[in-house]
Amino acid sequence: MELTFPVIDFSKLNGEERAAAMEMIKDACENWGFFELVNHGISHELMDTVERLTKEHYRKCMEQRFKEMVASKGLEAVQSEINDMDWESTFFLRHLPESNMSEIPDLEEDYRKVMKEFAVELEKLAEQLLDLLCENLGLEPGYLKKVFYGSKGPTFGTKVSNYPPCPKPDLIKGLRAHTDAGGIILLFQDDKVSGLQLLKDGQWIDVPPMKHSIVINLGDQLEVITNGKYKSVMHRVIAQTDGTRMSIASFYNPGSDAVIYPAPALLEKEADKSQVYPKFVFEDYMNLYADLKFQAKEPRFEAMKTVESAVNLGPIATV
C-alpha cells in the first residue's frame, strides 16, 4: 500500500479539528519520527527572503570552493562507492546559548539579520512543538523544555547546506544515512529539488518537497526521554544529477550539561520495566556521536548505559 507522508496543518490546532491534528502528530511521532508542517505561523515572505539570500550566498561564497574540492579529490570520475564523505557544501550558525553569527566570514549584513530573525521564529515553533509532544505524552506542560534546559538553556543552531548536482549519485550520497543526535529538528528545504529520504519499515521513503513547509524530525534525545515510545529515524540525502538542493536544518537540542533520562511519569505507566533507556549528560552523548554518527544508534545507547553504571549521576535537580 502507498504510504502517505504525514502533513499537518498547524493552524488546525486552534480550532475544532485540534484533537484530530494532535492525533496526527502523535501517530507521526510514534510511527514515522518525521512530519511536515504547513500553516506553521512563520511568514512566507521571511522564508522567501531566507531562501533567496541562502542561494545567493552559496553562489557567491561557497560554490567555487565546492568545485575546487571536487576537482582536487577527483570525485567526478569515481568508479566505486564513497563511504567517507558527503556531496554537500555546508556551514553552521549557532544561536543559543551564544550566537556565533558575527564570527562567520562572508555573511552579508542583510543575510545575517534575516537568519537571526528566522532563528527566533524557529525557536518559538520548537518550544510550541515540545509542549504539544508533552500534551500527547501526558507529561506536565514545559517538561521537555525544562529537561533540555541544563544550566545555560538549550543549544540551538542551524546547519545551512547546499547539495549541488552530482555526476555519480549512486556512488556518493548527498548525506549518508544517520539519525540526529539532538532534540527536535526543524528543516526548511528546497521545494523543487528533492533528495531527503527516511527509513520506514525497511524502505527508503521520500520526504516530499512542499513550498513554505517546515519538516520536523525527532532526535535521539526524545527517544531516550520517551523511553522508546517516540523514535529517532534513519534518514539520508540522495544527491541529484540536476539542480542544487537547499537545506536549512535547525537543531533545538539540550544544553551541554543537561541530564537526559527517561521521564519518570512515562516509566510509571509501563508494564515492562526491564527495557529502560540510559541516563547521561548530553555533552557526553555528543562526544560519542561525533565518531559514530553514520552508524546505528543502539550501540550509542548501550555505550551510555555502560558509562551510567560506572558513574552514578546522583539525584537530578529538575528546577
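**Aromatic rings and their setting**

Tutor: In this predicted model, Tyr277 and Phe301 are both buried. With a cut-off of 6.5 Å between ring centres, the count comes to 8 aromatic pairs. Tyr277 and Phe301 form one of these pairs, with 5.2 Å from centre to centre and 70° between the planes. Planes over 60 degrees apart count as edge-to-face, so this pair is edge-to-face. In general, the distance of the centres and the angle of the planes describe a pair of aromatic rings.

The Tyr277 and Phe301 pair links distant parts of the chain, 24 residues apart. Tyr277 belongs to the loop between α6 (264–269) and β13 (280–281), while Phe301 is in helix α8, residues 298–310. Ring pairs also bring in Phe280 and Tyr285, which are linked with Tyr277 and Phe301 into a cluster.

The charged end of Arg176 sits over the ring of Phe294, 3.8 Å from the ring centre. For Arg236 the ring is that of Trp204, with the charged end 4.1 Å from its centre.

Next comes the sheet. Seven strands make an open sheet with mixed pairing, in the order β1-β2-β9-β6-β11-β4-β3. Its edge strands, β1 (7–9) and β3 (89–96), each pair on one side only. From one strand to the next the twist averages 25°. Val7 stands opposite Glu36 of β2.

Two helices are placed against these strands. Helix α1, residues 18–31, lies across β1, β2 and β9 (214–218) and runs at about 150° to β2. Helix α3, residues 109–137, packs on the sheet and touches β2, β3, β4 (155–163), β6 (184–189), β9 and β11 (245–253). The direction of α3 makes about 135° with that of β6.

An unreviewed UniProt entry places the feature "coiled-coil region" at residues 108–135. In the model, residues 108–135 are 96% helix and 0% strand, and the end C-alpha atoms of the span lie 41 Å apart.

The backbone has some exceptions to a general rule: most residues other than glycine have a negative phi, and most peptide bonds are trans. The peptide bond from Leu96 to Pro97 is cis, with omega near 0°. Pro97 is in the loop between β3 and α3. Asp106 is also placed in the loop between β3 and α3. Although Asp106 is not a glycine, its phi is positive, about 70°. Asp106 has a relative accessible area of 43% and is partly exposed. Asp201 likewise is not a glycine but has a positive phi, about 50°. The loop between β7 (196–200) and β8 (203–206) holds Asp201. Asp201 counts as exposed because its relative accessibility is 66%.

To return to the part requested, the buried residues Tyr277 and Phe301 belong to the ring cluster that also includes Phe280 and Tyr285.

Conventions:
Residues numbered from 1 in each chain as written. Predicted model: local features only at pLDDT ≥ 70, side-chain atom pairs only at ≥ 80, totals over all residues. Heavy atoms only, no water. Phe/Tyr/Trp six-rings, centres within 6.5 Å; stacked < 30°, edge-to-face > 60°. Helix = DSSP H or I, 4+ residues; strand = E, 2+ residues; numbered from the N terminus. Buried < 20%, exposed > 50% of the residue type's maximum accessible area, 1.4 Å probe, protein only. Lys NZ or Arg CZ within 6 Å of the ring centre and 35° of its normal. Pairing = 2+ DSSP bridges. Axes fitted to C-alpha atoms, helices over the stretch in contact; angles between N-to-C directions. Contact = heavy atoms within 4.5 Å. UniProt positions renumbered as here; feature names shortened; annotations may be inferred.
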